[in-house]
Structures are given as structure tokens and as C-alpha cells.
Amino acid sequence: FALWCFRAAAAPTADVSLYDTDTAAFQNEFQGPATEDTLRAIRARIAEVEGWPESEIRSAQLAALSAVEAEAGGATRLELCACLPVGGLTPTRALFGAVRRAVSLPVRVLLRPRAGDFLYTQAEFDVLLEEARGYRAAGADGLVIGCLTPQGALDASRMEALMRAADGLPVTLSRAFDLCADPLPALCAAQELGVETILTSGCAPSARAGMEMLAMLSQWAQDR
């Protein structure tokens, strides 16, 4: 599948990024507002990756190779995770170190302690806080995080705590966004928190299926 990442903060342009499960690294980025030309380019990119085989869990060596290939292909940022077939989990420091040494691109790290929902126990959340502090100290260029309430809203208090632990690192809201009961309040909450970008397929199984919602979200983000 392909995912769309757009700026949550109000800005004259929307940054639109796609990445493929085959490499777990950004392959192409479109700069500019969500125009018809941009949407056509996005549809074409999604069509290219549809039907690719499910990616395997990669070793640090293969992840580093993928990162190098992504940089050579024009990627401008990497978002690193492990276990992509289950939606992505927190990578090991060894994996992060291998990728960090292999490329000069900014690397943001996904913090997700397990597969499944984004409703975390206190013990799981304590792990997330420690990971946020640890990855900041390890040299991550940003974090990808997401916490929800039982009612399906963005858990602003826990998001804020993680952002404090990150101590100023840029933050991307993870695909927890796609499981929110209502995307507009979630977008507003993310903007108020200072989240920089949101990773989403438009609350649909794929970016192609969520294209209309993606365009609406991009417009909402620019209008606020």
C-alpha cells in the first residue's frame, strides 16, 4: 500500500509523500498544494506499487541497503520501523544505527510497542516514553507516534507527554489517525499539539481508496 503524509500545520503548500512497503522508505515526494496535477501524479505512483509482494521483516543490513537506495532515488526523509507486515513496530537501536550510518537523510523513528490498536496500558506507555527519550539521545531526527482514547479520539495528553519526552524533535502522527472516530477533530488536535505531519491513507485501506478524504484533509490543514 502507499501512504500520504501531509503537513498538519497551516502552510501555503502541502507536503505530500508516498512510500512503499517494499522498502519502508520514502521513494517520492510532491511539493505543493493538492492540485489536480498533484493528485494525478499520486494516483500514478500508487498504481506503480499496487501488486508488489508483501515485504519481509528486514535485517539491519537490508534496511540500510534500502535506505541507501531510497536516498539515491531522491528520497528526502526516511521513516524507520520494524515488522512492517503488522503495520510497523519500534525498530531496534541496532537497526536505527545501521540506517543512520548508511545515509545522510533525516530519519524519523516509529514508536509503537506492539501490533494492534493504539490504546496503551500504562506499562506500554512508560516504554514509549523511554523510547522517545532514548531515540532523541541516539540522534533520531524526529518521531512517529500515535495514541488514541477508548472513544476513538486522539489522546492529546499522552501525545503531549511523548512530545515533551522528545524535547523538541519534529513529530509525525502515525496511522493511528486512520482509526480515529472522526478525522477532523483529530486533525485539529494534532495541529494544536504542534504535530508537523500526519501519516494517513485517508482513513481507507489504501491511499487510492482514500483519495477524496486525503484531498479534504489537505485542504482542511491549509485552511486552519
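**Rings and charges**

Tutor: Let's start with Arg 158, which sits over the face of Phe 125, 4.5 Å from the ring centre. By the way, this is a predicted model, where local features need pLDDT of at least 70, side-chain atom pairs count only at pLDDT 80 or more, and totals for chains, interfaces and linings use all residues. Residues are numbered from 1 along each chain as its sequence is written, and side-chain values use heavy atoms, with hydrogens and water left out.

Student: What makes Arg 158 count as lying over Phe 125?

Tutor: The rule wants NZ of Lys or CZ of Arg within 6 Å of the ring centre and within 35 degrees of the ring normal. Arg 158, at 4.5 Å, is listed as lying over that face. Arg 93 does likewise over Tyr 135, at 4.6 Å from the ring centre.

Student: Why is the pair of Phe 96 and Tyr 135 called edge-to-face rather than stacked?

Tutor: It's the one aromatic pair in the structure. The ring centres are 5.4 Å apart and the planes are at 85°, so the pair is edge-to-face. Rings of Phe, Tyr and Trp (its six-membered ring) pair if their centres lie within 6.5 Å; planes under 30 degrees apart are stacked, over 60 edge-to-face, and the rest tilted. Phe 96 is in helix H3 and Tyr 135 in helix H4, so the pair ties together parts 39 residues apart in sequence. (Helices, H or I and at least four residues, and strands, E and at least two, are DSSP runs numbered from the N terminus.)

Student: Is Gly 87 buried, exposed or partly exposed, and how do you know?

Tutor: Buried means under 20% relative accessible area, exposed over 50%, and partly exposed in between (1.4 Å probe, protein chains only). Gly 87 comes out at 45%, so it counts as partly exposed. Phe 96 and Tyr 135, on the other hand, are both buried.

Student: Where is Gly 87, and what does it touch?

Tutor: Gly 87 is in the loop between strand E4 (78–80) and helix H3 (93–102). Leaving out residues up to four places away in sequence, Gly 87 touches Leu 110 and Arg 112; a contact means heavy atoms within 4.5 Å.

Student: How do you know that strands E5 and E6 pair?

Tutor: Two strands pair if DSSP finds at least two bridges between them. E5 (residues 107–110) and E6 have three, in the parallel sense, and Leu 110 has Val 144 as its bridge partner in E6. E6 also pairs with E7 (residues 171–173), parallel again, over three bridges, with Val 144 opposite Thr 172.

Student: What makes a crossover right-handed?

Tutor: Point the strands away from you: the path from the first strand over the helix to the second must run clockwise. The unit of E5, helix H4 (residues 122–138) and E6 is right-handed, and so is the crossover from E6 through helix H5 (residues 156–166) to E7.

Student: What makes E6 covered on both faces?

Tutor: In E6 (residues 142–145), Gly 142 and Val 144 on one side and Leu 143 and Ile 145 on the other are all buried. Among its neighbours is H5, whose buried residues pack against H4, E6, E7 and helix H6 (183–193).

Student: How confident is the predictor?

Tutor: The average pLDDT (the predictor's confidence in each residue, from 0 to 100) is 78, and 72% of the residues score at least 70. Over residues 10–34, though, pLDDT stays under 50.
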